[in-house]
Amino acid sequence: MKMAQTAAPVRSVLSEVDAILEQELPAIAGSLSGKNATKLFGLGSGFFYFPVAVFLEDSEGDWVGAMDLATTLALGHGYFYCLDRLLDDQIVDHPLVLASPVMLSTYLKRMEGISKDREIMRHWHDEYYRRYVQAQLYEWKINRTLPPLSDEDIKLLSMKSSPVCLPVRVITSKSGIMNPELIEQAFLSYSAGLQLMDDLSDIREDFMNGLSSIPIRLVLVNAMGYSNWPDEGEVSSDDISFFASKSGAYEQILSISESFFTVAAEQASNAGLATLEKLANARREICTQRRDKIE
């Protein structure tokens, strides 16, 4: 992973992205550059560098290709970041909303160039986007409600990360790696663990936005005894954070995340993808260490 970060340093990727947006949308490119660009384009995320690391493994150190891929991923992340802000935070950032269709179209065109097979690449994109939409619609429908936790909730954790499967699938298919479906499944298991940890870290903001995430339901139902979403002003985000830390919800979520990473490591090992196996084991160790500190 460090090799991937070296091949695609943040400043270089941002410079490439700025140049592309300046060419495509000169009227708003300056507005985007003033924002938290690292977060906007995913440059601080393990999701971002994992496909780059896989590419470097397969290409035996093609630094130019890695940089091209990283720039492509940054544009794709910008689009999905915009969707998340609209869907989760209900914030309309005008320059970002206007730029997002261009970021998506540019991302897909560049992915076509990397894959060399437009038809199959578009098929994969459509399938992964369908899964993403299904997960987002489910989350929207249960906003401000407290349905019992189910297998569907667990399944949809990984589906929210489905779009990130596109570059992974393209790269592994180009390399001739056997069993790309196994790699995809391992990555989705890893993504589910990451998503659950993200939900835990965002528990205050998600509650204020009415998002009924797994951690929030565990706190409201198991720790605070609610059967329905509390009325406005009845419970604060501070209450949610307090009961999460005192009720055992943190330990429970970390344990579930740990199990996802365990499965991901095993699946990655079976698929012969050492990078993902190491990442999953490292994340599993982080969960263990955090649980040990709480206990």
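The model is predicted, so local features need pLDDT of at least 70 and side-chain atom pairs count only at pLDDT 80 or more, while totals for chains, interfaces and linings use all residues. Residues are numbered from 1 along each chain as its sequence is written, and side-chain values use heavy atoms, with hydrogens and water left out.

**Surface patch**

- Leu86, Leu87 and Val92 make a nonpolar surface patch of about 240 Å².
- For a patch, residues need over 30% relative accessible area and no salt bridge; like charges are joined within 9 Å, and nonpolar side chains (Val, Leu, Ile, Met, Phe, Trp, Tyr) within 5 Å.
- A salt bridge here is a side-chain nitrogen of Lys or Arg within 4 Å of a carboxyl oxygen of Asp or Glu.
- Areas come from the Shrake-Rupley method with a 1.4 Å probe, and for residues only the protein chains shown count as cover.
- You'll find Leu87 in helix α6 (residues 63-89); helices are DSSP runs (H or I, at least four residues), numbered from the N terminus.
- Leu87 counts as partly exposed because its relative accessibility is 42%; buried means under 20%, exposed over 50%, and partly exposed is in between (1.4 Å probe, protein chains only).

**Aromatic pairs**

- Rings of Phe, Tyr and Trp (its six-membered ring) pair if their centres lie within 6.5 Å; planes under 30 degrees apart are stacked, over 60 edge-to-face, and the rest tilted.
- By this rule there are 8 aromatic pairs.
- One of them is Tyr79 with Phe80, edge-to-face at 5.1 Å centre to centre and 80 degrees between the planes.
- Tyr190 and Phe261 are a tilted pair, because their centres are 5.7 Å apart and their planes at 55 degrees.
- That pair links distant parts of the chain, 71 residues apart: Tyr190 sits in helix α11 (residues 180-201) and Phe261 in helix α15 (residues 249-271).
- Tyr190 and Phe261 are both buried.

**Glu112**

- Glu112 is in helix α7 (residues 94-115) and is buried, at 17% relative accessible area.
- Its side chain joins that of Arg122 in a polar contact of 2.8 Å; such a contact is a pair of N or O atoms within 3.5 Å, where within protein one must be able to donate a hydrogen and the other to accept it, and residues adjacent in sequence count only if both atoms are side-chain atoms.
- Leaving out residues up to four places away in sequence, Glu112 touches Asp117, Arg118, Met121 and Arg122, with contact meaning heavy atoms within 4.5 Å.

**Arg169**

- Arg169 lies in helix α10 (residues 165-175) and is buried, at 13% relative accessible area.
- The side chains of Arg169 and Tyr128 make a polar contact (3.4 Å).

Terms used: Helix = DSSP H or I, 4+ residues; strand = E, 2+ residues; numbered from the N terminus.
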